[in-house]
Amino acid sequence: MSHHIEAAEYIVGDGDGWTQAVNYQRWSEQHTFYAGDVLVFIYVPGQHNTYEVNEDTYRTCNTSQGVVATYYSGHDQVTLNETGDHWFLCNIQDHCKGGMKFGVKVEAIMNTSQTSGSMGFTPTSIGGWGWVWTFDLVPLVGLFMLNY
């Protein structure tokens with residue numbers, strides 16, 4: 001059996017949108033983000049913007065380097081295409097230093113097709129070594145060796 005997993009769309013800050021005086025790190029920690037999910041930043045153009053940056057730039061709020069992408073539309077849609085950490089901030093003067101920033105950890109999408117075994121584990125014989133159990137995850141995240 002195979003299930004299609006669709007990307008989720010998240011309005012950053014929920015009803016507050018992308019503005020000052022919101023704890024975005026707390027907001028992001030309430031969600032689990034997967035590759036393919038979309039973050040939507042809603043704000044008044046000119047009052048705010050969205051920068052995707054590296055971790056050093058996130059920590060210092062200095063955008064002279066380490067900028068991955070910039071958005072100014074007021075309805076920015078950022079697709080989280082890669083697993084790992086992603087960092088965002090507003091680059092309007094003092095907004096980042098005032099807390100208008102957050103990071104997310106993007107996880108791999110689990111493959112829900114189950115071809116054999118329970119819970120998506122697949123046993124495979126590898127001559128002389130015993131069995132290798134692989135998890136049905138995309139990408140493959142673990143192998144366990146059992147010797148007999």
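When I call a residue buried I mean under 20% relative accessible area, exposed means over 50%, and partly exposed is in between, with a 1.4 Å probe and protein chains only. Lysine 105, for instance, is exposed, with a relative accessible area of 53%.

Before going further, please keep in mind that this is a predicted model, in which local features need pLDDT of at least 70 and side-chain atom pairs count only at pLDDT 80 or more, while totals for chains, interfaces and linings use all residues. Residues are numbered from 1 along each chain as its sequence is written, and side-chain values use heavy atoms, with hydrogens and water left out.

Let me begin with the salt bridges, by which I mean a side-chain nitrogen of Lys or Arg within 4 Å of a carboxyl oxygen of Asp or Glu. How many salt bridges does a search of the whole structure find? The search gives 2.

One of them joins aspartate 85 and lysine 105, whose side chains meet with an N to O distance of 3.9 Å. Aspartate 85 belongs to strand 7 (residues 84-89) and lysine 105 to strand 8 (residues 101-107), so this pair ties together parts that are 20 residues apart in sequence. Aspartate 85 is partly exposed, at a relative accessible area of 46%.

The salt bridge between glutamate 55 and arginine 59 has its closest N and O atoms 2.6 Å apart. Both of these residues lie in helix 2 (residues 55-60), where they are 4 residues apart, about one turn of the helix. Glutamate 55 is partly exposed, with a relative accessible area of 33%, whereas arginine 59 counts as exposed at 51%.

Turning now to the sheets, I take two strands to pair if DSSP finds at least two bridges between them.

Strand 3 (residues 38-42) and strand 6 run antiparallel and are joined by 5 bridges, with valine 40 standing opposite glutamine 77 in strand 6.

Finally, a word on the backbone. Most residues other than glycine have a negative phi. Which loop holds cysteine 61? Cysteine 61 is found between helix 2 and strand 5, its phi is near 60°, a positive value in a residue other than glycine, and at 15% relative accessibility this cysteine counts as buried. Aspartate 14 likewise has a positive phi, of about 50°, although it is not a glycine. Aspartate 14 sits in the loop between strand 1 (9-11) and helix 1 (24-29), and is partly exposed at 42% relative accessible area.

Terms used: Helices (H or I, at least four residues) and strands (E, at least two) are DSSP runs, numbered from the N terminus.
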